[in-house]
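Thanks, everyone. I have one model to go through today, and the topic is how its parts meet.

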Amino acid sequence: MPFTLPPLPFADDALSPVISANTIGFHYGKHHKAYVDNLNKLSDGTEFAALSLGEVIRKTAGQADKAGLFNNAAQAWNHAFFWESLSPKGGKPSGKIADLIERDFGSYDKFKADFGAAAVTQFGSGWAWLVAEQGKLSVRKTGNAETPISGSAVPLLTIDVWEHAYYLDYQNRRADYVAAVIDKLLNWDRANERLG
Ligand code: MN
């Protein structure tokens with residue numbers, strides 16, 4: 001099978017209590033795995049089986065007859081990116097990303113408010129993103145499987161706001177999940193690496 005489930009970059013219980021091992025077990029072991037498995041089934045015997053995940057996403061984006069491939073490829077990519085956006089050593093940003101946050105949002109607190117608002121106000125399933133576009137940081141949100149990599153922005157961090165990401169731990173309290181992830185789990189070292 002050409003598409004594989006990448007290993008989690010931390011132990012199942014490493015993000016607890018913000019995200020429990022139980023949630024990680026379902027989210028990574030069932031949901032993320034299902035996207036990869038479905039993508040393998042849908043691409044089997046087609047030209048898409050020989051492509052990278054990013055190539056499948058860009059070649060199927062916006063095409064109604066390729067929605068199944070796009071949704072599963074984009075969700076496989078978004079989830080791998082999400083795990084890499086989290087770290088048990090999260091907290092305040094440092095280095096270049098901290099300077100850019102000051103420059104482009106005015107303050108870390110304003111960034112937290114904007115990122116949190118994007119995550120909380122995404123209606124239904126989707127994602128909140130910190131992206132760099134032409135060197136400038138901004139926050140955006142996408143619905144369902146939509147992902148910035150089908151456009152020109154460079155994603156730096158994401159938060160999954162599908163209900164499966166928080167319902168076992170927070171039930172309907174998406175805002176509490178989002179605030180805890182932003183305060184405690186964002187992987188700023190990875191964001192700095194992605195800035196290049
Ligand atoms: Mn998810």
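**The domain interface**

Glutamate 84 and arginine 190 form a salt bridge, with their closest N and O atoms 2.5 Å apart; the term means a side-chain nitrogen of Lys or Arg within 4 Å of a carboxyl oxygen of Asp or Glu. Between domain 1 and domain 2 the count is one salt bridge.

Before going on, the conditions. This is a predicted model, where local features need pLDDT of at least 70 and side-chain atom pairs count only at pLDDT 80 or more, while totals for chains, interfaces and linings use all residues. Residues are numbered from 1 along each chain as its sequence is written, and side-chain values use heavy atoms, with hydrogens and water left out.

The division is domain 1 (21-84) and domain 2 (96-195), with bounds from an automatic or database domain assignment. Domain 1 brings 20 residues to the contact and domain 2 brings 23, contact being heavy atoms within 4.5 Å. The C-alpha centres of the two domains are 20 Å apart.

How much area is buried between domain 1 and domain 2? About 1800 Å², with carbon and sulfur atoms giving 63% of it; this is the accessible area (1.4 Å probe) that the two parts lose on being put together, summed over both.

On the domain 1 side, α1 (21-43), α2 (53-60) and α3 (67-84) each supply at least two of the touching residues. Helices here are DSSP runs (H or I, at least four residues), numbered from the N terminus. The largest share, 10 residues, comes from α3.
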